[in-house]
Amino acid sequence: MIAAIDFGASATKAALFEEGSSRPVLIDAAHESSSAVFLHRDGRLLSGVGALASAQRRPHRMQAALKRRINRPDEIEPVHQEVEFDTVVLRPLVRCVAAVIGHAWQAVLQETGGVEVPLLLTHPVGWNEIQRAALLEAAALAGVRPAGLLSEAEAVGWHIRAARQLTGTLLVADVGASTLDVAVLDLEPSDRITVRYTDGDNYLGGDDFDREVLALVAAALSDDPRDAALLTEFTEFCDALPHLAAREAERVKRMAAETGAAVFARGDIAVEVARDEFFDATAHLVDRIVGRVRRAIEGGTTRPEAMVVSGGAARLSSIHDALAELADEAGVACLAWDESGLPGTATTAVSLGAASMPRPWGGNTARARRPVTLEHAVLSAGAAQAVAVPDGLVVGTPMLGLREQSANAPVELVRRSTRRPRDDRLLLRPHGVAALGYDPSGDRLVTVAQDRSACVWDIGEDRPLRSYRAYWQSGSAKPSSSVVAVAARGRQVAWADSDAVVSIVGSDRTSLRLGHPPHRLAFTAVPYLLAVGADRITLIDPGTAETLDVLQLPGPAPRTAVALAGEASLVFTASDRDIQCYDCSRERFTPVWKRDAFVASALAVVRVESHPVLIAYDTKIRLYRALDARTGVQKALKDAEHAAAPAELLADGTTGVAYARHERGEVSVLTFAGALP
Amino acid sequence: MIAGPGPASEALAVLAEELAVREDLRGEGFLADVAAQCRQPLRVMVAGYVSSGKSTLVNALLGRELAGVNRRETTAEVTWYRHPDLAGQPPLGGGHRAVETGFPLADRLVLIDSPGLNTDSGSQQATLNLLSASHEEAGTAAALVYLVVGEPAAGDVERLADFIALGSGDLGNVVLVGGKAETVSETSIKDSVERRETVEESAAKTERRLLIRKACVRSVAVSQQLAMVARCGRVRQEHVDLVRVIVGDPELRRFAENGWAQLGLVWSARGRAAEALAPLRALIPSLGWLVSELPAAGELDVASLSACCERVSRLSRLEQVLAELADDADLLTVTAATERLRRWVDQRGRLRAAKVREQLDRMWSGEEFEAFPRRRAALLLSTSLLADIPVADRDWAIALLRGKPYEIPEPLTAVIQRWRRRTGSGTRGVLAADVAQTVVTAAVRQLTG
């Protein structure tokens with residue numbers, strides 16, 4: 001048994017196939033379900049009748065044009081797009097599509113008694129890898145792993161081939177709700193179908209016919225001055241509840257075409273639309289459809305021998321007749337659907353094709369241009385201290401007592417590639433580690449022991465490259481204090497004690513006492529030293545150990561998250577109100593950008609194709625955003641609706657990898673491949 | 001050196017040159033012109049019926065008399081007017097010639113004057129080739145200025161629809177010009193202002209018919225004749241003296257508004273010689289159109305009369321529209337040239353076509369092309385696609401899509417809410433809905449950024 005889901009621009013359908021016969025799967029007790037989603041107040045995305053019912057009262061929280069968003073060109077690829085509900089309430093596009101697919105999938109599961117059957121998803125023939133990637137990502141979010149992707153035109157081809165044992169070239173004209181897709185297929189004798197030509201109009205479809213119905217109604221009402229009030233009512237109805245207006249128009253369109261006339265009814269409005277009048281008003285649309293198909297017949301590389309018209313809008317007799325006439329004129333055989341004689345013709349052409357297609361499927365790949373992958377809880381750092389390095393995480397259990405300093409506690413590298421925690425080779429055995437740090441400028445690891453001896457290591461070497469003797473006596477640090485943070489750049493090493501003393505060693509040795517103990521340190525490229533405390537970030541000149549500037553944080557952790565991009569001399573703060581960026585390359589913190597609509601509970605900076613990129617985890621929507629660190633413009637996103645929230649984000653700042661550490665020590669890996677512009 | 005349309009067009013020029021060296025494609029001439037198109041200013045074609053005043057309009061835009069006029073069917077060849085720096089590159093083969101000349105928009109446009117459409121001579125074929133999707137040359141011009149005089153004729157709408165269908169959808173690259181604005185109902189309407197409106201209306205009427213076909217055009221009414229008077233410096237002191245006499249006498253002025261015939265009667269009644277008016281009559285055959293705009297007698301001189309002709313001709317409005325299109329030369333040129341290349345390569349065999357199409361698709365996903373959906377939406381917004389939307393909302397949206405600052409007196413969220421209501425495709429059609437959605441997306445991105 002296999003299932004197919006046809007995610008349409010206005011309606012989504014599902015079907016099940018077993019031993020050569022197919023049956024439609026009822027979604028909400030209907031043959032098709034609306035492809036619109038409604039954002040509930042509790043944050044859930046509803047699809048199907050639930051969405052439509054809720055949208056009656058709050059139309060602004062509904063989004064209907066999901067497929068069209070994948071269709072249309074945009075500077076942001078679909079997997080990274082967001083959909084707006086009620087102006088600036090945003091949700092990832094893929095999550096919205098997932099709600100629609102998930103709704104249909106639940107109906108399939110109900111039909112199969114909970115048995116997960118292989119699923120085939122279909123898409124417009126013109127979709128490229130990037131567009132298909134959005135469909136795959138949505139399916140994954142819906143908890144479905146589709147067994148295959150198939151273009152709608154090819155599905156039609158498979159069906160025609162099975163129903164009529166047809167080989168040769170076939171033109172498929174798919175007239176959808178908002179798009180027209182034309183494809184010429186080669187049905188090869190050897191169980192294969194090749195797409196020879198594709199063309200289409202992304203701005204022409206059945207919805208345009210609905211619009212003409214509404215225009216006819218408006219024209220009828222404006223002809224008679226006595227109808228002025230009705231005209232106002234009609235205009236307001238169209239503006240306030242466009243989806244209902246469009247649905248009524250669609251009903252009128254179908255009925256008028258089939259029975260000769262239909263009445264558009266809403267409240268006091270009742271306008272009769274006659275078939276001839278409707279056909280006249282939509283003749284230009286039919287002309288355009290015919291023009292595209294003619295171009296495919298005459299101008300394409302392969303002249304088709306047969307033609308078939310599919311898609312919801314193809315049921316309109318004017319479209320069908322005009323295309324049949326064109327086929328006749330061009331000497332192309334026009335095949336009709338209803339002659340197929342196959343069982344289950346109530347299901348869509350696409351679903352029928354899916355049933356006829358031989359298995360195994362494959363060959364239809366999908367890859368986002370700038371893919372972001374989230375591997376949930378694949379590493380473990382336990383309760384140990386961890387620092388991100390280019391290969392993975394370096395973890396070490398901090399030793400706070402002086403006696404432990406000679407203990408044999410290893411510091412280990414948990415490689416991202418092996419994904420096996422804690423069994424990689426021994427990294428180094430320092431004499432006790434109180435704090436770990438990473439120097440991205442030289443790709444070195446730095447450790448400071450409780451006796452304040454510091455070592456700089458080449459990662460993977462078991463002897464320190466450089467070491468600094470115990471030094472704790474000369475500072476003001478008390479024996480009872482412990483090391484809480486460390487940073488290094490080149491020859492300079494800095495650490496912070498729990499009693500708020502920051503010590504810097506290198507060519508000179510300096511120290512200073514801050515008001516609050518910092519819990520994180522980083523050098524900038526200048527180099528300055530940044531010390532992050534509970535409520536402030538201090539900019540320090542490491543040569544003189546003077547405080548240059550202080551940035552007050554909007555609130556204490558965990559309400560405020562901070563990220564430091566040392567090499568770019570940028571500092572980021574995030575609260576439940578906004579995300580802000582400051583430059584610190586000129587002795588002071590200067591605001592660079594601010595994004596009011598974004599909130600984040602964890603931040604980290606990665607580097608993608610030599611550009612610093614800020615990763616921000618949004619607790620409210622549960623997603624990771626990737627912002628251009630220098631401008632704050634969003635470049636990518638990763639939906640993490642079903643993944644645990646990170647307690648902390650770690651990144652080495654030189655690769656496109658960030659590590660999300662969760663409460664129990666598991667670590668998820670977030671990878672940015674491909675360039676972010 | 002004249003700058004090309006932009007980085008996207010440059011990318012296509014490079015691709016065309018790469019294809020030109022491939023021996024199996026055999027299309028050096030065609031590919032050289034595609035590359036040239038992508039490195040030259042926006043190519044704008046002027047088309048219309050014989051005697052609709054195409055050449056006069058071209059001459060007015062050029063500011064000199066280069067195109068032949070005043071003979072039936074004067075333009076037998078497609079003539080390209082371009083900046084002198086662009087010399088050397090031959091235009092398309094037979095039926096085309098090039099004239100290098102400087103003109104006000106020379107560094108932004110290449111003007112293509114075409115033979116009239118309703119002719120039996122066969123020269124109209126060259127024009128049709130440039131307009132119709134079935135010909136290889138179509139797409140050579142990326143924008144079209146289409147002249148209509150009075151009521152648009154039967155073929156106009158179809159021909160414009162053909163040109164619009166050349167690309168992958170509407171771009172707003174068609175300017176409908178209501179030409180010979182001064183001749184329209186000269187006798188029936190008294191007030192010259194009213195007369196101009198009528199001409200605009202006639203252009204708008206065609207526009208509305210096209211709009212119903214979902215094709216978006218802009219319309220401008222122009223008096224080519226007055227434009228020529230102003231642009232070619234034809235006003236002399238003798239004309240000024242005559243006009244001064246007319247505006248100085250209230251009765252003469254009033255009759256002048258009704259045209260030369262009535263003015264002639266009063267003029268003779270005053271005992272003046274009828275032939276004295278001849279120079280002015282030759283200069284401005286449609287005086288009535290100008291009268292209400294004329295300055296007072298005291299302020300009249302050669303410059304002010306010339307300026308008045310310029311203003312009333314509305315040529316600068318057309319130039320402004322063309323300059324707006326030239327701002328988007330990169331988008332318009334690369335779209336037209338890509339379609340050209342696609343259709344051409346389809347005739348070169350299945351495998352070659354597939355490969356080149358793939359190259360084109362890959363090129364179009366490059367970052368030079370990323371802003372195009374917004375720019376296209378902005379272009380469509382300045383046509384009458386969404387004519388029912390308040391001007392303030394439209395101007396704001398255009399500025400937003402073009403990345404220009406624009407002050408609004410209300411919160412951004414309120415404007416976005418209004419635009420969101422316009423994104424239903426069932427009530428406005430797919431294209432209008434798509435434009436509205438592009439506006440909403442851009443606004444939300446701005447708000448969150």
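Predicted model: local features only at pLDDT ≥ 70, side-chain atom pairs only at ≥ 80, totals over all residues.
Residues are numbered from 1 along each chain as its sequence is written, and chains are lettered from A in the order in which they are written. Local features need pLDDT of at least 70 and side-chain atom pairs count only at pLDDT 80 or more, whereas totals for chains, interfaces and linings use all residues.

In chain B, the axes (lines fitted to C-alpha atoms, for helices over the stretch in contact, with angles from 0 to 180 degrees between N-to-C directions) of helix α3 (residues 54-62) and helix α7 (residues 224-231) come within 9 Å and cross at roughly 30 degrees. α3(B) is therefore roughly parallel to α7(B), a term for angles under 35 degrees. Helices here are DSSP runs of H or I with at least four residues, and strands are runs of E with at least two, numbered from the N terminus. Residues in contact have C-beta atoms, placed from the backbone, within 7 Å. Thr56(B), Leu57(B), Asn59(B) and Ala60(B) in α3(B) meet residues of α7(B), including Gln224(B) and Met228(B).

Between the chains, 37 residues of chain B are in contact with 43 residues of chain A. On the side of chain B that touches chain A, α21(B) gives the largest share, seven residues.

In chain A, strands β15 (residues 261-266) and β16 (residues 269-274) pair in the antiparallel sense over six bridges; pairing requires at least two bridges found by DSSP. Ala262(A) stands opposite Val273(A) in β16(A). The two strands form a hairpin with two residues between them, and Gly267(A) in the turn has a positive phi of about 55 degrees.

Technical notes: Parallel < 35°, antiparallel > 145°, perpendicular 65-115°, else oblique. Contact = placed C-beta atoms within 7 Å.
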